[in-house]
Amino acid sequence: MAEEGARGFGSPVSLSFSGSGFLIIYQMGVVKALWELAPDLMRSASKVYGASCGSLVAAALACDMDLGLIEELFYEALEETKKASILILCPGYRILRIIEKGIHKVLSENSHQLASGKLYVSLTRLSDLQNVIVSEYRSNEELVQALICSCFLPVICGWSPPSFRGVRYVDGGMTNMQPGSDSETIITISPYTGEVDICPRDCPAYFSCINFFRSTFQLSSENLSRLSYSICPPSPPVLHEFYLQGYHDAVFFLQRHGENWTKNGMDKKTLQQTPLHCDKACLHLS
């Protein structure tokens with residue numbers, strides 16, 4: 001994980017949401033805590049980066065969408081996975097269609113204008129497997145297509161990749177799992193333990209980290225479980241634990257770095273008194 005005080009956080013900052021699959025629910029918990037405890041930080045975010053399913057959370061923030069609606073889409077997609085047999089080819093195809101249709105419904109007429117210059121989406125160009133970051137959108141249709149391209153995991157989601165401006169792309173996490181992470185004023189958020197600002201903290205011992213598509217991934221049994229859950233979701237109670245862990249990991253981050261935003265309206269006393277139940281405990285994934 002990123003060391004305390006390692007980054008020169010100030011105002012405004014940027015936010016980066018890693019690829020997450022069904023563990024997008026963890027990132028929703030993080031966002032919930034940040035909005036409740038550091039709203040000025042969220043409002044002042046100059047750029048929001050996202051890869052794969054993390055781009056959906058990033059888009060919700062950049063376009064002022066109701067995150068609750070994105071959560072509803074998530075659970076609708078979750079219900080769809082329960083219907084899918086392991087014998088069905090491309091089980092994620094219908095899930096992606098649900099997401100695509102749902103996003104179209106919740107976007108406002110000017111969402112593409114709100115997103116342009118603020119929402120940075122990681123894509124993997126199919127022709128040469130190079131990473132591409134897009135941040136300008138001429139219409140809501142282009143915005144949705146960029147998000148769908150970033151979420152498209154080959155085979156799982158289908159055999160024919162979607163396109164953005166006539167070019168075919170696949171899952172952005174395959175080439176850049178944590179876009180924008182090289183910036184000194186960015187808060188990185190991931191459901192996987194690694195050198196990330198807000199992420200789970202495995203215990204009691206740390207394992208070695210490996211480079212993982214321009215991000216880091218700690219080699220531990222907990223992390224491997226999380227990786228499997230991102231593709232094959234666990235039961236709703238376990239997912240709820242991920243949501244709570246995301247919330248409390250964000251609280252722990254703010255408790256370490258809260259002084260950077262106290263002058264921007266954060267109630268430091270309230271923050272210090274916020275209960276933190278998961279700061280030293282591992283999440284039991286069994």
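**Pockets, cavities and a helix pair**

Helices α1, α2 (39–44) and α3 (54–62) each supply at least two residues of the lining of the second largest pocket. The model is predicted.

**Second largest pocket**
- The space in the second largest pocket comes to about 160 Å³.
- Its lining consists of 13 residues, and W35, M42, A60, L61 and D64 are those nearest the centre of the pocket.
- Sorted by class, the lining of this pocket holds 10 nonpolar and three charged residues, with no polar ones.

**Packing of α1 with α9**
- Helix α1 spans residues 24–37 and helix α9 residues 236–257; the two pack at an angle of about 40°, and their axes lie 7 Å apart.
- The crossing of α1 past α9 is right-handed.
- On the α1 side the contact is made by I25, Y26, M28, G29, V30, K32, A33, L34, E36 and L37.
- On the α9 side it is made by L239, F242, Y243, Q245, G246, Y247, D249, A250, V251 and L254.
- The contact residues comprise 14 nonpolar, three polar and three charged.

**Cavities**
- Three cavities of 30 Å³ or more are present in the structure.
- The largest cavity has a volume of about 40 Å³.
- S18, M177, S190, Y192, F212, S215, T216 and F217 line the largest cavity.
- That lining has four nonpolar and four polar residues, and no charged ones.

Technical notes
Residues numbered from 1 in each chain as written. Predicted model: local features only at pLDDT ≥ 70, side-chain atom pairs only at ≥ 80, totals over all residues. Heavy atoms only, no water. 1 Å grid on protein atoms, 1.4 Å probe; cavity = no way out; pocket = protein on both sides within 12 Å on 5 of 7 lines; lining within 4 Å. Points joined across faces, edges and corners; volume = space filled by probe spheres on them. Nonpolar A, V, L, I, M, F, W, Y, C, P; charged D, E, K, R; others polar. Axes fitted to C-alpha atoms, helices over the stretch in contact; angles between N-to-C directions. Helix = DSSP H or I, 4+ residues; strand = E, 2+ residues; numbered from the N terminus. Left-handed = near helix turned anticlockwise from the far one by under 90°. Contact = heavy atoms within 4.5 Å.
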